[in-house]
Amino acid sequence: MSLAQPIPEFLDPASEQDRAHKRPLFSGLPGDIAVSFEFFPPKSEKMESQLWESVTKLAPLSPQFVSVTYGAGGSTRERTHNTVARLIAEAGIPAAAHLTCVDASRAETQRIAEAYWEAGVRHIVALRGDAGEPGAPFVPHEDGYGSAAELVAGLKEVADFEVSVAAYPEVHPDANCPQSDLENLKRKIDAGATRAISQFFFSAETFFDFTERCARAGIEAPVVPGILPVTNVAQARKFAGQCGAVIPDWMDGLFEGLDDFPGARQLVAATVAAELCRRLYAGGVREFHFYTLNRAELAYAICHMLGKRPQEQAA
């Protein structure tokens, strides 16, 4: 994916209207996309069952990898490890473990990385991480890594991990300006990261503008858009406050009155997210990372609309 592409004509309102009248937006797409999915470690047997049901449904789409999150303050460390190990051993899917700098020394973090390598994990999503309390500032462990860039470099000392890092199209809440946030991303890439995965956003123009700025900053690694299909605007607003994303005003109107209609909420959520992905696809994007919240239906539906089919069906 080229990072230096201009905003395509497809995004021009007049061009979009013309195309919408002449041809269905999702017709004839070849499915030439790569996808990945994010899960969180389950807290109960019921949630574990839901997770594995989702994995089973999404696995036939041949994801590049699936990732498993790491709770604030390292609160899910053991569950994250167990989930990733099981994904590799039982599901046979390339799995990436999230790892943060929070509440651990460098030696302890390296021991965790070594345990992942021994379990067959070859991919880490390296994050600075946040403190356990909402809004609390990040304070590095006195013997720990002070930034995601330091963590990336440390992981590369342990083993030849593939490393993904986070990118913030609408600027990380802790950054003092967009430029310093971009410089931080470049430090992570220069330390050895393979790719950046963006936080979620709701405007294709936002992503294209961000990748153009990345290209001008000399960031050559791919930036993969993170897609969050929204069914609960209040929950999405909470997530957005933690990562600097903007929830557009029109989204409230779309979901208004649907509290008692879960099926309708699902349809609206799939439509909004699929349209965003279609606009990104029109601009040259061929990789997508889906924040699934451990549910398969929305991510599967969007992949299907983009032409992605189960491996055996495609064959």
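Me: What volume does the second largest pocket have, and what makes a space a pocket?
Reply: The second largest pocket has a volume of about 330 Å³. A pocket is an open set of points, on a 1 Å grid over the protein atoms alone, with protein on both sides within 12 Å along at least five of seven lines. Grid points are joined across faces, edges and corners, and the volume is the space filled by probe spheres set on those points. Keep in mind that this is a predicted model: local features need pLDDT of at least 70, side-chain atom pairs count only at pLDDT 80 or more, and totals for chains, interfaces and linings use all residues. Residues are numbered from 1 along each chain as its sequence is written, and side-chain values use heavy atoms, with hydrogens and water left out.

Me: Which residues line the second largest pocket and lie nearest its centre?
Reply: Of its 14 lining residues, Thr 231, Gln 266, Leu 293, Arg 295 and Leu 298 lie nearest the centre. A residue counts as lining if it has an atom within 4 Å of a point. Helix 10 (262-282) and helix 11 (297-305) are the elements that give two or more residues to this lining. By class, the lining has 6 nonpolar, 5 polar and 3 charged residues. Here Ala, Val, Leu, Ile, Met, Phe, Trp, Tyr, Cys and Pro count as nonpolar, Asp, Glu, Lys and Arg as charged, and the others, Gly among them, as polar.

Me: Why is Glu 183 called partly exposed?
Reply: Buried means under 20% relative accessible area and exposed over 50%, with partly exposed in between (1.4 Å probe, protein chains only). Glu 183 has 39% relative accessibility, so it counts as partly exposed. You will find Glu 183 in helix 6 (residues 178-190). Helices (H or I, at least four residues) and strands (E, at least two) are DSSP runs, numbered from the N terminus.

Me: Why does Gly 120 count as partly exposed?
Reply: The relative accessible area of Gly 120 is 30%, so Gly 120 is partly exposed. Gly 120 sits in the loop between helix 4 and strand 4. Its C-alpha atom is separated by 8.4 Å from that of Ala 89, 31 residues apart along the chain.

Me: Which residues of helix 5 are buried, and what covers them?
Reply: In helix 5 (residues 148-158), the buried ones are Ala 148, Ala 149, Leu 151, Val 152, Gly 154 and Leu 155. Their cover includes strand 3 (95-100), helix 4 (106-118), strand 4 (123-127), strand 5 (162-167) and helix 6. Of the 315 residues of the protein, 47% count as buried.

Methods. Contact = heavy atoms within 4.5 Å. 1 Å grid on protein atoms, 1.4 Å probe; cavity = no way out; pocket = protein on both sides within 12 Å on 5 of 7 lines; lining within 4 Å.
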